[in-house]
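Hi,

Here is the structure I promised to pass on. Have a look at it first, and my notes follow below.

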Amino acid sequence: MGEETAFQEDSVPSSTVSTEPVVIVETVEEVKPTIEANAEGNAVEDSIPREVQPEMASTAKQPVASGMTYEKRSDGMPQFMYDAVARIAPEQGFTPGQFEIRFESGSGKGDGFIAEMFRATITEGDRKLVVLCKIPPINDARRHQFESISVFDREVTAYSNLLPIMYEFQREKGVTEEMDIGFFNAPKCYLAYADAPKEESVIIMDDLRLKDYRMWNKMVPVNYEHTRLLMIQLGRLHAVSLALKDQRPEVFEQFKLSDPLSAMMGANQGFTMMMNASLDRALTVLEPHEEKARQKLAKLKETLFDDLVTLTNSEIAGPYAVLGHGDCWINNMIYSYKRGVPTGVVLLDWQICRYVSPALDLLYFIFGCTDEAFRRQHYDEMIRIYYDSLKQLLEKLGGDPSRQFPYTALLRQLKACGKFGILMAMFMVPMLCIDNQDLPDMDQLAEKHLDSQEFDASFIHDVKSEDKYKTRMAAVIRDLIRYGYL
């Protein structure tokens, strides 16, 4: 398409075996992006799978304990993460007692509030397997502040129950991975479990970067081809929900998950302060003559969290509610390429998957991750690409789009839920405009909050990103008003 392509820097997203493997821990320097050129000569960076099939996992869903501290090894790493990797090694053909495990830190500043990533390399002789381990924050204050275990429990449910059900249902209907018309686009999962009383959870996945998948640079608005691929997969994801709900209603009951994000934000002082600070900053980006737009935005402050609860309630979607991804921004997806051209996308991070209006995933991504020029030229086209993809798969699965989700219903859902675009954008756009190196250390922020009960949200007002932020945020507000969403 002749558009800019930008890759992001390299960061990575229970029983104990009786024979203790040798474990080596390495502290690695931050991995710098590898820049190459795509087919059109544009710069692209290095970073993650596609044919993906989660395997079954065990979960524990009990009340979260307070004040829990991880049992850590002498190197400061949690014991349960070692045990989890040691558990999958024999299942992957390694000899108990004969393999080594090497860990590298896979998280960087700005990679997330409620999770940390480590890359584990299992070796035995010449054989090697590299996997990613996603765990709640090791820092006790940060883990407790953001109630990490509750959303980990949700992601474990997705990998152990929901995604496998969706995959098997499609296969029963004759839609397989090889056909490339269904939704199978989540990482392969080797193990997923959550033990709430211990605040332990591990999700072990493929490292898709080894299969030439890469992440887009969050600071660059997403271009046409990358957005088009996502719209196709979101359409397919939602189509499977609609088909399952209609044809296997008793099975689909477990998909009707309430929204964890609004509950987390409403109960968490840190999130509350960040949302309010984000709204206050958004009010400053409009021109003096845009008083009506400023008033519309200011009114949000009175109903901010009530709106969030309402919009993430499945009742607003009526019969059209689906299992949505829930956290649909550019850092939660990874693309495959052929000769520099994007060919596929995998959706990462299922911690906020929920039963909601299908419009939420679309509004979240399009208004948060693309820019004004893109939306003016391609917004209607992207909505149509999404719907055509949903319609095609729903029909293939034996559904009836004209009855289950007509195009006019989609347009009404976008209008009814349009305010969600600004609620997410005012929180997300600042993060998209700030270089990760300029973001604060989340462990330090959490410890400061624990000591003082005050959350430092000053990083929202990053001076270096001010011009970029004003341009993107003002465009989001104007576009949402232009579409009648705000």
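R403 is partly exposed, with a relative accessible area of 47% (partly exposed sits between buried, under 20%, and exposed, over 50%, using a 1.4 Å probe and protein chains only). R403 belongs to helix α11 (residues 401–404) and D246 to helix α4 (residues 224–247), so the pair ties together parts 157 residues apart in sequence. Helices here are DSSP runs of H or I with at least four residues, strands are E runs of at least two, and both are numbered from the N terminus.

Before you read on: this is a predicted model, where local features need pLDDT of at least 70 and side-chain atom pairs count only at pLDDT 80 or more, while totals for chains, interfaces and linings use all residues. Residues are numbered from 1 along each chain as its sequence is written, and side-chain values use heavy atoms, with hydrogens and water left out.

Back to α4: 21 of its 24 residues are buried. Its end C-alpha atoms are 35 Å apart, which agrees with the 34 Å that 24 residues should span at 1.5 Å a residue (the expected span is 1.5 Å times one less than the number of residues).

The salt bridge count comes to 24. One of them joins K134 and E155, with the closest N and O atoms 2.9 Å apart. This pair links distant parts of the chain, 21 residues apart: K134 is in strand β6 (residues 127–135) and E155 in helix α3 (residues 148–172). Both K134 and E155 are buried. D206 also pairs with K211, at 3.2 Å between the closest N and O atoms; here D206 counts as buried at 10%, whereas K211 is partly exposed at 46%.

Last, helix packing. Helix α10 (residues 372–396) and helix α15 (residues 466–482) pack at about 25 degrees with their axes 9 Å apart (axes are lines fitted to C-alpha atoms, for helices over the stretch in contact, and angles run from 0 to 180 degrees between N-to-C directions). α10 and α15 are therefore roughly parallel, a label for angles under 35 degrees. E372, R375 and R376 in α10 meet A475, V476, D479 and R482 in α15, contact being heavy atoms within 4.5 Å.

Cheers

Methods: A salt bridge is a side-chain nitrogen of Lys or Arg within 4 Å of a carboxyl oxygen of Asp or Glu. Angles under 35 degrees count as roughly parallel, over 145 as roughly antiparallel, 65 to 115 as roughly perpendicular and the rest as oblique.
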